[in-house]
Amino acid sequence: MNQLKTDYLLDAKGLACPMPIVKTKKTMKELDAGQVVEVQATDQGSTADMEAWANSSGHQYLGTIEEEDVLKHYIRKSSDEDTTETKYPHTASNEDVKAKLSNNEQMIVLDVRESAEYAFGHIPNAVSIPLGELDERADELNKDDNIYVVCRTGSRSDLASQKLAEKGFQNVVNVVPGMSEWSGDTEKLNN
Amino acid sequence: MAVNVMTASDVTKKIFNQESLFILDVRNESEFQDWKIEGQNFEHVNVPYFELLDGVEEILDQIPSDKETLVVCAKEGSSVMVAEMLSEAGLDVSYFKGGMKAWSEHLEPVKVSDLKNGGELYQFVRIGKGCLSYMVISDGEAAIIDPTRMTDVFTQFAKEKGVTIQHVFDTHLHADHISGGTMLAEETGATYWMPPKDATEVTFNYQPLEDGGQVTIGDTAIDIHALYSPGHTIGSTSFIVDEKYLMTGDILFIDSIGRPDLAGKAEDWVADLRESLYSRYKALSEDLVVLPAHFMIMDELNEDGTVGATLGTLFSKNHGLNIEDEAAFRKMVTENLPPQPNSYQQIRETNMGKITPEDEEQREMEIGPNRCAVR
């Protein structure tokens, strides 16, 4: 897999338990909500611990890639997106989108999560543009397409939908709740 | 308060003596659920170390003041950290040296008995994983049965006893732990024996164990009779040592019987298993002392730490030997099975010599509880 884009790289190689988690926890405090850290570790036990720790502390464990004896863990700092209200008026449910996809309707699924989130599981053929890059990359999209914007919980996609509407995109729909409860097909970047 | 250290050997003795101990296990929940240090009077609380990074205040009231407290983790590091924090909070606690990794590998030698003509029989209790190996000693010579991969324990013990290891046996192709058989034979120049029917795919040389065959240890003739007893594997072979001890491998345990499914042939092997247990063993003397290759629960330990009971006792108390109805027996050993051991396919391939994982990998493959039996 190509280098995943992350906000911070933490080198915990050669460190034994508990240090990889101790260092990750410290790093998390420095990050902004929603940012992604890549933790490189060689302690084999770190994968299960990283996932269990992230779940218990509210962070989002995205996944782990093993590359030449180095474990690369990807974790996204918790944010308050679960509780934020969505404002953009045009929404579709996960089920609606699933049905449209299986009917092969003409549509673009735009995934606005961080690239590491996208890497560990996304709707097949979804286009990846993280929310933070949308302003500069919006011209990669076609204004007349039917665009279904998806993120993890419907919050970032709400902001993204508003942005796109402001830029003159006509047919933008926010998918609610999004990937956290997606039951349809997904694919991963090849590992 | 000072932080103390407790070793696997210390904890093993507490189990043997049925002492009480409070264990604070700081591994993650799934590892704790999979297996833990068990003793009849041991109490456990599981709080992952990563929940305690900001302090131990919240768990202080869960730790009893009237019991010894031991902090356990996977490899030691986290237990030291938590033990130090508890110590700073004024508690007197120990951490567990080497963590569950050391627990998985610890062998405690226990003397089973003297033999006729001055020999001795030792059982090596792998307390964390439930594996049992044996050493038969007579007149300067030794034979090892079902050795684990920690071969230095056997060579060291032989050295202390001043005996030369002449023969190494595996009762069958193991699926739950990595055999030290070929390695031990290589290190000591001993002859390595295994049942030919379990060895069809092995990549190394071995001496075939044949039904009725006999090997003598020392000048005082402690005979080891091979008794073909298929069912857990097709080649499974039992031994009768010194006309008194019946080593049953993974066919018959103290409180359970062998499972026939680990080579993917449960249906085919049920009849063999029943035949071995209900006919071949039935025909033997009830006074023979059964010494299995495993134990599953601490209740199976005798007061001196050994695992063994007479065949007569087992025929009256072991549920698996008392199922009259053949269909009910078949149902029990094919449907009522615990999960298969961790990495058992890889372990089988390692024991055939087909793959040679690194030490660290072998360790990981063996982590977890023993699951060779059905009750």
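Biologist: What share of the 191 residues in chain A is buried?

Modeller: This is a predicted model, in which local features need pLDDT of at least 70, side-chain atom pairs count only at pLDDT 80 or more, and totals for chains, interfaces and linings use all residues. Residues are numbered from 1 along each chain as its sequence is written, while chains are lettered from A and ligands numbered from 1 in the order in which they are written. A residue is buried if 20 or more other C-beta atoms, placed from the backbone, lie within 10 Å of its own; it is exposed at 12 or fewer and partly exposed in between. Of the 191 residues in chain A, the buried part is 38%.

Biologist: How many helices and strands does chain A have, and what is its radius of gyration?

Modeller: Helices (H or I, at least four residues) and strands (E, at least two) are DSSP runs numbered from the N terminus, and chain A has six helices and nine strands. The radius of gyration is taken over C-alpha atoms, and the globule rule is 2.2 Å times the number of residues to the power 0.38. For 191 residues that rule gives 16 Å, and chain A comes close to it, so it is as compact as a globular protein of that length, with a radius of gyration of 17 Å.

Biologist: Which domains is chain A divided into, and how far apart do their C-alpha centres lie?

Modeller: The bounds come from an automatic or database domain assignment, which divides chain A into domain 1 (8-78) and domain 2 (81-181). Five residues from domain 1 of chain A and four residues from domain 2 of chain A make the contact, where contact means C-beta atoms, placed from the backbone, within 7 Å. On the domain 1 side, β3 (60-67) and β4 (70-76) of chain A each give two or more residues. The C-alpha centres of the two domains of chain A are separated by 27 Å.

Biologist: Which element gives the most to the side of chain A that touches chain B?

Modeller: The contact between the chains involves 13 residues of chain A and 15 residues of chain B. On the chain A side, α1 (19-30) and α2 (46-57) each supply at least two residues. By class that side has eight nonpolar, three polar and two charged residues; Ala, Val, Leu, Ile, Met, Phe, Trp, Tyr, Cys and Pro count as nonpolar, Asp, Glu, Lys and Arg as charged, and the others, Gly among them, as polar. With five residues, the element that gives the most is α2(A).

Biologist: Turning to chain B, what percentage of its 375 residues count as buried?

Modeller: Chain B contains 11 helices and 20 strands. Its radius of gyration of 21 Å is close to the 21 Å of the globule rule for 375 residues, so chain B is as compact as a globular protein of that length. The buried percentage of chain B is 50%.

Biologist: Which element supplies the largest share of the side of domain 1 of chain B that touches domain 2 of chain B?

Modeller: Chain B is split into domain 1 (4-103) and domain 2 (107-374), and 11 residues of the former are in contact with nine residues of the latter. Elements giving two or more residues on the domain 1 side are α1 (8-16) and α4 (99-105) of chain B. The largest share, four residues, comes from α1(B).

Biologist: Which are the edge strands of the open sheet of seven strands in chain B?

Modeller: Strands pair if DSSP finds at least two bridges between them. The order is β6-β7-β8-β9-β10-β11-β12, with mixed pairing; within it, β7 (residues 120-126) and β8 (residues 131-138) of chain B pair in the antiparallel sense over seven bridges. The strands that pair on one side only are β6 (108-114) and β12 (207-208) of chain B.

Biologist: Is Asp272(B) buried or exposed?

Modeller: Asp272(B) lies in helix α7 of chain B. Leaving out residues up to four places away in sequence, Asp272(B) touches Pro230(B) and Gly231(B). Because Asp272(B) has 20 C-beta neighbours inside 10 Å, it counts as buried.

Biologist: What covers the buried residues of α7(B)?

Modeller: Helix α7 (residues 266-280) of chain B has 15 residues. Its buried residues include Trp269(B), Leu273(B) and Leu277(B). Among the elements covering them are β17 (257-258) and α9 (326-335) of chain B.

Definitions and conventions. Contact = placed C-beta atoms within 7 Å. Expected span 1.5 Å × (residues − 1).
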